[in-house]
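Please keep the coordinates at hand while reading.

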Amino acid sequence: MQLVAPDQQWGFAGDAGVAAKGGWGPEPDGVYLVRQIALLGAGADSLGVAIAAKPSDGSFATGTAVLDQLANWVGDHREELPKGDCGG
């Protein structure tokens, strides 16, 4: 999940050290839904994120551009996000 094909490096997928899996596809009405899950960082500082976009113009290109914006926002605000402890 860290070696993503160049044409699929949108959202979190182009960042070094990020494990990401994306999906996309037109729905029955032809509108694209673009989505991605990612694991940012490692160990106690890791963050799991899921993002999705269904752009108003229905295009794949707009959907991936929106995921780029969302990924940038998460990167800019990561320290402000709530943290939890899954340890036992």
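Which residues does Leu67 touch, not counting residues up to four places away in sequence? The partners of Leu67 are Trp10, Gly11, Val34, Arg35, Gln36, Ile51, Ala52 and Ala53, where contact means heavy atoms within 4.5 Å.

**Basis of the values**

The model is predicted: local features need pLDDT of at least 70, side-chain atom pairs count only at pLDDT 80 or more, and totals for chains, interfaces and linings use all residues. Residues are numbered from 1 along each chain as its sequence is written, and side-chain values use heavy atoms, with hydrogens and water left out.

**Overall architecture**

Helices (H or I, at least four residues) and strands (E, at least two) are DSSP runs, numbered from the N terminus.

Of the 88 residues in the protein chain, 28% are buried; buried means under 20% relative accessible area, exposed over 50%, and partly exposed in between (1.4 Å probe, protein chains only). Among contacts between residues at least 6 apart in sequence, 33% join residues at least 24 apart.

**The sheet and its helix**

The three strands form an open sheet in the order β1-β2-β3, with antiparallel pairing; two strands pair if DSSP finds at least two bridges between them. At the edges lie β1 (19-26) and β3 (47-53), each pairing on one side only. Direction ignored, neighbouring strands of this sheet are turned by 10° against each other on average. Helix α1 (residues 60-77) packs on the sheet and touches β1, β2 and β3, and its direction makes about 150° with that of β3. Axes are lines fitted to C-alpha atoms, for helices over the stretch in contact, and angles run from 0 to 180 degrees between N-to-C directions.

Eight bridges join β1 to strand β2 (residues 32-40) in the antiparallel sense. In this pairing Pro26 has Tyr32 as its bridge partner, and Gly23 stands opposite Arg35. The β1-β2 hairpin has five residues between its strands, and Gly30 in the turn has a positive phi of about 90°. Between β2 and β3 there are seven antiparallel bridges, with Gln36 partnered by Ile51. The β2-β3 hairpin has six residues between its strands, and Gly41 in the turn has a positive phi of about 75°.

**Aromatic contacts**

The structure holds four aromatic pairs. Rings of Phe, Tyr and Trp (its six-membered ring) pair if their centres lie within 6.5 Å; planes under 30 degrees apart count as stacked, over 60 as edge-to-face and the rest as tilted. Trp10 and Trp24 form an edge-to-face pair, 5.8 Å centre to centre with 75° between the planes. Trp10 lies in the segment before β1 and Trp24 in strand β1, so the pair ties together parts that are 14 residues apart in sequence. Trp10 is buried at 6% relative accessibility, whereas Trp24 is partly exposed at 35%. One aromatic cluster comprises Trp10, Trp24, Tyr32 and Phe60.

**Nonpolar core**

A nonpolar core is a set of buried Ala, Val, Leu, Ile, Met, Phe, Trp, Tyr and Cys residues joined through side-chain atoms within 4.5 Å. The largest has 16 residues, of which Phe12, Val18, Ala38, Leu40, Val49, Leu67 and Val74 touch the most other members. At least two residues of this core come from each of β2, β3 and α1, and β3 gives the most, with four.
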